[in-house]
Amino acid sequence: MRKKLFSLAIPALFNAFLVVSCNKDKPLTSESDEVATTKDGNQYTLDTLNSKVEWKGYKVFKSESTSHFGTIKFESGDVTVKDGKLESGKFVADMNSLTSVDLKDDADQLGKLNGHLKSGDFFEVEKFPTASYEITKVTPAAEGDYNTLLDGNLTVKGITKPTQFKANVSVKDGVVSVATEPKDIKREDFGVKFQAPAENGVIKDEVTLQINVKALEKK
């Protein structure tokens, strides 16, 4: 059963960002939003020990019992605060840190899964060791559970796509915190078309991503 889980595993993941080409498919092209933010303001440096991306991938039926989930650490990042509000930011993820959390107690399956995700079938981390998200626009939100709308450019394995997140942003006592709403991203939009053998189930196109970062004011 666990072998089946491995095969299905996380192509879903942050999978939203791989390039698997096929002669019958149209070539992928990068898209990006124009950056409307500036570096005018107080500078903050990402606290990499307390920042991460959380991912979750699913089989055909999206449920807790058919999911795998894990984390990706950040390598670096910075944000700018102007007049006490978030002005801009860019976060760089270390794709070599990608790991499954639900398999953490099974070293054998964890190693196989992580190795496969880092291989040429997926993120090819030797060639593309980082991914990034650059904020292009920050809009206050007056309604709902999140106080900010973030527009930005998500780049993975050389492909850039405009991606919007609802987020809760806090600027207080020299610390900026950004916690996004879990968001479904279609991995096939990024050319991630890998599927496990049919008898093991079909991997869902949607991958759920959530970004949680903290940044500390430069002294």
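Modeller: A salt bridge needs a side-chain nitrogen of Lys or Arg within 4 Å of a carboxyl oxygen of Asp or Glu. Keep that cut-off in mind. The model here is predicted.

Biologist: How many salt bridges does the structure hold?

Modeller: The structure holds 6 salt bridges. Let us take some of them in turn.

Biologist: What makes Lys-161 and Glu-31 a salt bridge?

Modeller: Their closest N and O atoms are 3.5 Å apart. The limit is 4 Å, so the pair counts. Lys-161 sits in strand 8 (residues 159–172), while Glu-31 is in the loop between helix 1 (2–8) and strand 1 (42–46). That puts the partners 130 residues apart, so distant parts of the chain are linked.

Biologist: Why is Lys-161 called buried?

Modeller: Lys-161 has a relative accessible area of 13%. Buried means under 20%, so the word applies to Lys-161.

Biologist: And why is Glu-31 called partly exposed?

Modeller: The relative accessible area of Glu-31 is 42%.

Biologist: Are Asp-40 and Lys-82 buried, exposed or partly exposed?

Modeller: Asp-40 is partly exposed, at 45% relative accessible area. Lys-82 is partly exposed too, at 35%.

Biologist: What makes Asp-108 and Lys-112 a salt bridge, and where do they lie?

Modeller: Their closest N and O atoms are 3.5 Å apart, so they meet the 4 Å limit. Both residues lie in helix 2 (residues 107–117). They are 4 residues apart, about one turn of the helix. Asp-108 is partly exposed at 45%, and Lys-112 is partly exposed at 38%.

Biologist: Now the rings. How many aromatic pairs does a search of the whole structure find?

Modeller: The search finds 2 aromatic pairs. In one of them, Phe-74 and Phe-91 are 6.0 Å apart, centre to centre, with 70° between the planes.

Biologist: Why is the pair of Phe-74 and Phe-91 called edge-to-face?

Modeller: The centres must lie within 6.5 Å, and 6.0 Å passes. Phe-74 is in strand 3 and Phe-91 in strand 4, 17 residues apart. Both Phe-74 and Phe-91 are buried.

Modeller: Tyr-133 and Phe-165 also form an edge-to-face pair, 5.4 Å centre to centre with 85° between the planes. Tyr-133 lies in strand 6 and Phe-165 in strand 8, so parts 32 residues apart in sequence are tied together.

Biologist: How do you know that Tyr-133 and Phe-165 are buried?

Modeller: Tyr-133 has a relative accessible area of 4%, and Phe-165 has 2%. Both values are under 20%, so both residues count as buried.

Biologist: Which strands pair with strand 6?

Modeller: Strand 4 (residues 85–94) pairs with strand 6 (residues 130–140) in the antiparallel sense, over 5 bridges. There, Val-92 stands opposite Ser-132. Strand 7 (residues 148–156) also runs antiparallel to strand 6, joined by 9 bridges. Here Ala-131 faces Val-156.

Methods: Residues are numbered from 1 along each chain as its sequence is written. This is a predicted model: local features need pLDDT of at least 70, side-chain atom pairs count only at pLDDT 80 or more; totals for chains, interfaces and linings use all residues. Side-chain values use heavy atoms; hydrogens and water are left out. Two strands pair if DSSP finds at least two bridges between them. Helices (H or I, at least four residues) and strands (E, at least two) are DSSP runs, numbered from the N terminus. Buried means under 20% relative accessible area, exposed over 50%, partly exposed in between (1.4 Å probe, protein chains only). Rings of Phe, Tyr and Trp (its six-membered ring) pair if their centres lie within 6.5 Å; planes under 30 degrees apart count as stacked, over 60 as edge-to-face and the rest as tilted.
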